[in-house]
Amino acid sequence: TQTTRPQRILAAVQKNATRGDPRSVVKAIDQFCRHKEWAMNVGDEKGCILDSVVTEVNPATVLELGTYCGYSTVRIASLLPSHAKLITLEFDPGNAAIARQVIAWAGLADKIQLVEGASGDWIPKLKEKFGIETFDLVFLDHWKDRYLPDTKLMEECGLLRKGSILLADNVICPGTPDYLEYIRNSPRYKSQYFKSHLEYTKAEDGLEKSVFLG
Ligand SMILES: O=C(NCCCOCn1ccc2cnccc21)c1cc(-c2ccc(F)cc2)cc(O)c1O
Ligand SMILES: [Mg+2]
């Protein structure tokens with residue numbers, strides 16, 4: 001019977017990466033997706049921009065919307081300080097099951113809480129469920145038409161504080177026009193566009209980094 005692309009990505013990690021070595025997990029996925037099968041990981045080029053933002057923010061609390069196979073989850077978690085916590089939301093149970101194994105292979109399970117379900121349902125519950133006050137960093141990488149409503153929902157739920165950073169993938173391709181329009185024109189955010197390329201391709205894409213001003 002046919003395997004899924006996430007299952008093939010996990011197999012590539014288990015074959016080519018060293019257990020407990022997050023960088024080798026990231027490298028194995030990038031090699032597979034560049035040379036064997038494209039997949040919608042943030043990838044190595046945008047991944048370097050992600051790394052620099054994570055290092056600069058040095059967050060104690062991170063929310064990732066859109067786990068997929070756990071590539072960016074592992075990339076972020078490998079850079080976090082020892083007591084930091086990353087909560088990652090994944091809608092698709094099949095993807096979540098693969099991501100759990102990728103995260104385990106990287107040896108980062110103790111830093112990461114993977115939650116299965118829809119952002120609209122979970123965002124209002126994160127405070128009570130995980131004892132979170134606010135997020136220092138949010139990485140948006142889920143359904144592109146959910147970036148704006150979920151940003152507004154995070155504001156309403158008091159999950160953002162003065163200085164919280166939102167980092168959004170794919171603001172050009174596939175594109176998040178309503179989110180960009182809102183975040184770039186809102187007096188409550190200061191935004192910066194990092195031009196890059198769609199993972200493993202020459203097409204333009206980029207990350208939008210926005211600071212919540214309170
Ligand atoms: O679609 C993309 N990502 C989203 C996945 C579903 O996310 C669903 N999902 C995950 C948590 C979660 C929580 N609540 C609701 C939905 C929730 C996505 C797509 C492309 C892409 C670019 C060009 C193409 F020709 C084809 C695809 C690239 C990317 O980097 C992406 O991130
Ligand atoms: Mg993406």
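1. Start with angles between helices. Angles under 35 degrees count as roughly parallel, over 145 as roughly antiparallel, 65 to 115 as roughly perpendicular, and the rest as oblique. Helices here (H or I, at least four residues) and strands (E, at least two) are DSSP runs numbered from the N terminus. Axes are lines fitted to C-alpha atoms, for helices over the stretch in contact, and angles run from 0 to 180 degrees between N-to-C directions.

2. Know what you are looking at. This is a predicted model, in which local features need pLDDT of at least 70, side-chain atom pairs count only at pLDDT 80 or more, and totals for chains, interfaces and linings use all residues. Residues are numbered from 1 along each chain as its sequence is written, chains are lettered from A and ligands numbered from 1 in the order in which they are written, and side-chain values use heavy atoms, with hydrogens and water left out.

3. The overall build. The protein chain has 10 helices and 7 strands. Its C-alpha trace spans about 50 × 40 × 35 Å along the principal axes. The radius of gyration is taken over C-alpha atoms, and the globule rule is 2.2 Å times the number of residues to the power 0.38. For 214 residues, a compact globule would come near 17 Å; the protein chain has 16 Å, which agrees.

4. Surface and interior. Buried means under 20% relative accessible area, exposed over 50%, and partly exposed in between (1.4 Å probe, protein chains only). By that rule, 54% of the 214 residues of the protein chain count as buried. The accessible surface comes to about 9,700 Å². Carbon and sulfur atoms own 54% of that surface. Accessible areas come from the Shrake-Rupley method with a 1.4 Å probe; for residues, only the protein chains shown count as cover.

5. Contacts along the chain. Contact means heavy atoms within 4.5 Å. Take the contacts in the protein chain between residues at least 6 apart in sequence: 71% of them join residues at least 24 apart.

6. The α2 and α5 pair. Helix α2 covers residues 22-35 and helix α5 covers residues 93-106. Their axes come within 8 Å and cross at roughly 135°. The two helices are therefore oblique to each other. P22, V25 and I29 of α2 meet V102, W105 and A106 of α5. By class, the contact has 6 nonpolar, no polar and no charged residues. In this scheme Ala, Val, Leu, Ile, Met, Phe, Trp, Tyr, Cys and Pro count as nonpolar, Asp, Glu, Lys and Arg as charged, and the others, Gly among them, as polar.

7. Backbone points to check. Most residues other than glycine have a negative phi, and most peptide bonds are trans. Y68 has a positive phi of about 55° although it is not a glycine. Y68 sits in the loop between β1 (61-65) and α4 (71-77), and it is buried at 13% relative accessible area. N170 also is not a glycine, and its phi is near 65°. N170 lies in the loop between β5 (160-168) and α9, buried at 4%. A cis peptide bond joins C173 and P174, with omega about 5°. P174 belongs to helix α9 (residues 171-175).

8. Helix α8. The buried residues are Y147, L148, D150, T151, L153, M154 and E155. After α8 comes G158, with a positive phi near 65°.

9. V42 is in the loop between α2 and α3 (43-57). Its relative accessible area is 2%, so V42 is buried. Leaving out residues up to four places away in sequence, V42 touches G47, L50, Y71, S72, F139, D169, E199 and L207. The C-alpha atoms of V42 and D30 are separated by 9.6 Å, at 12 residues apart along the chain. T73 lies in helix α4 and is buried, at 0%.

10. F130. This residue is in helix α7 (residues 126-130). F130 is partly exposed, with a relative accessible area of 23%. Not counting residues up to four places away in sequence, F130 touches I87, Q113, V115 and W122. The C-alpha atoms of F130 and Q113 are separated by 9.3 Å, at 17 residues apart along the chain.
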